[in-house]
Amino acid sequence: AVTLLSSAAFAQQTLLQEITESGELRACFDAGYMPFEMKAKNGQFIGFDIDLGKQMARAMGVKYVPVNTAWDGIIPTLLTGKCHLIMGGMTITPQRNMQVNFADPYVVIGQSILLSPKLEGKVTSYRDLNSDQYTVVTKLGTTGEGAIKRYIPKAKVNLFETQSEAVLEVTNGKADAFIYDLPFNAIYAAENQGQLTHLDQPFTFEPLGWAVRQGDPDFLNFLNGYLRQIKGDGTYDRIYDKWFKD
Ligand code: ARG
């Protein structure tokens, strides 16, 4: 007898087919994270991830659709199918990698410190902040939170929904230091000269990667192939320089 393939095998559409047929690449991110994703005054989303996403959608022959999502719900949003991938400066961590797959890293960053100027000279690294006399702040659910728990466990911690609320605590004098991804901190310090001291020696190792749902090696293969191509042909460098070089 002939063995028939299950009809499910035919009915199941791969993600790449779904993207092609819908004509849309839906990318999740959480705007406000400079220089990866920001909301411009005209309401448009701009930044490194946005440009890479647009460029990739063009290569796929589809439209880039931005899906701005609160950070603490971004993995559930991916898992429930509201976007095809997360292009949001997400650090590849073992905990996250238990829930999602990551494409190869597209940039490597680390945590750095925006310090209250009154502590300049007194605090020169994360080690000096590890005392209950200091209050440190960051964004909820980020690797900044993880870094504080691991490296600055004795300090008081306040967590905020957005990075801008968190960093304002330091400029307002309510907190001593803001712990966050170095690229954000470098830009914030440059834009707020004299208000904060940037301790720009990164103290964590954090590869950032685009996240997809588990069980789809084809889409992952596409992403890695695309990254390899743009890293080799100058596209990646051009977009990188646009957002990271001033
Ligand atoms: N890299 C950090 C993390 O993965 C922060 C990323 C925040 N990204 C954003 N789009 N707001 O936790």
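1. Two domains. The C-alpha centres of domain 1 and domain 2 lie 26 Å apart. Domain 1 covers 24-108 + 206-244, and domain 2 covers 111-199. These bounds come from an automatic or database domain assignment. Across the boundary, 11 residues of domain 1 are in contact with 13 residues of domain 2. The side of domain 1 that touches domain 2 has 5 nonpolar, 4 polar and 2 charged residues. Here, contact means that two C-beta atoms, placed from the backbone, lie within 7 Å. For the classes, Ala, Val, Leu, Ile, Met, Phe, Trp, Tyr, Cys and Pro count as nonpolar, Asp, Glu, Lys and Arg as charged, and the others, Gly among them, as polar.

2. What you are looking at. This is a predicted model, in which local features need pLDDT of at least 70, side-chain atom pairs count only at pLDDT 80 or more, and totals for chains, interfaces and linings use all residues. Residues are numbered from 1 along each chain as its sequence is written.

3. The whole chain. The chain has 11 helices and 14 strands. Both are DSSP runs, numbered from the N terminus: helices are H or I with at least four residues, strands are E with at least two. The C-alpha atoms fill a box of roughly 80 × 40 × 30 Å, taken along the principal axes. Of the 246 residues, 38% are buried. A residue is buried if 20 or more other C-beta atoms lie within 10 Å of its own, exposed if 12 or fewer, and partly exposed in between; the C-beta atoms are placed from the backbone. Among contacts with a separation of 6 or more, 71% join residues 24 or more positions apart.

4. The ligand. Which residues are closest to the ligand? They are Asp30, Tyr33, Thr91, Thr142 and Thr143, out of 13 residues that surround the ligand. A residue counts as near if its C-beta atom, placed from the backbone, lies within 6 Å. The shell divides into 5 nonpolar, 5 polar and 3 charged residues. Domain 1 and domain 2 both give residues to this shell, so the ligand lies between them.

5. The nonpolar core. The largest nonpolar core has 63 residues. Such a core is a set of buried Ala, Val, Leu, Ile, Met, Phe, Trp, Tyr and Cys residues joined through C-beta atoms within 7 Å. Ile86, Leu114, Val136, Ala177, Phe178 and Trp210 touch the most other members. In soluble globular proteins, nonpolar side chains tend to be buried together. Now take Ile86. Leaving out residues up to four places away in sequence, Ile86 touches Cys28, Phe29, Ile74, Leu78, Trp210 and Ala211.

6. Strand E8. Is strand E8, residues 111-115, mostly covered or mostly uncovered? Mostly covered: 5 of its 5 residues are buried. Gln111, Ile113 and Leu115 lie on one side, Ser112 and Leu114 on the other, and both faces are covered. E8 pairs with strand E11 (residues 177-181) in the antiparallel sense, over 5 bridges. Two strands pair if DSSP finds at least two bridges between them. Leu115 has Ala177 as its bridge partner in E11. E8 is also joined to strand E12 (residues 197-199), antiparallel, by 3 bridges. There, Ile113 stands opposite Leu199.

7. Tyr64. Find this residue in strand E4, residues 63-68. Why is Tyr64 buried? Because 20 other C-beta atoms lie within 10 Å of Tyr64. Beyond its neighbours within four places in sequence, Tyr64 is in contact with Leu25, Ala27, Gly53, Lys54 and Ala57. Tyr64 and Ile86 are 22 residues apart along the chain, and their C-alpha atoms are separated by 13 Å.

8. Two exposed loop residues. Asn172 lies in the loop between helix H8 (163-171) and E11. Asn172 counts as exposed because it has 10 C-beta neighbours inside 10 Å. Its C-alpha is 42 Å from that of Ile230, 58 residues away along the chain. Gly234 sits in the loop between helix H10 (217-233) and helix H11 (235-244). With 9 C-beta neighbours inside 10 Å, Gly234 counts as exposed too. Gly234 and Phe160 are 74 residues apart in sequence and 38 Å apart in space, C-alpha to C-alpha.

9. A cis peptide bond. Check the bond from Met34 to Pro35: it is cis, with omega near -10°. Pro35 is in the loop between strand E1 (24-29) and strand E2 (38-39).
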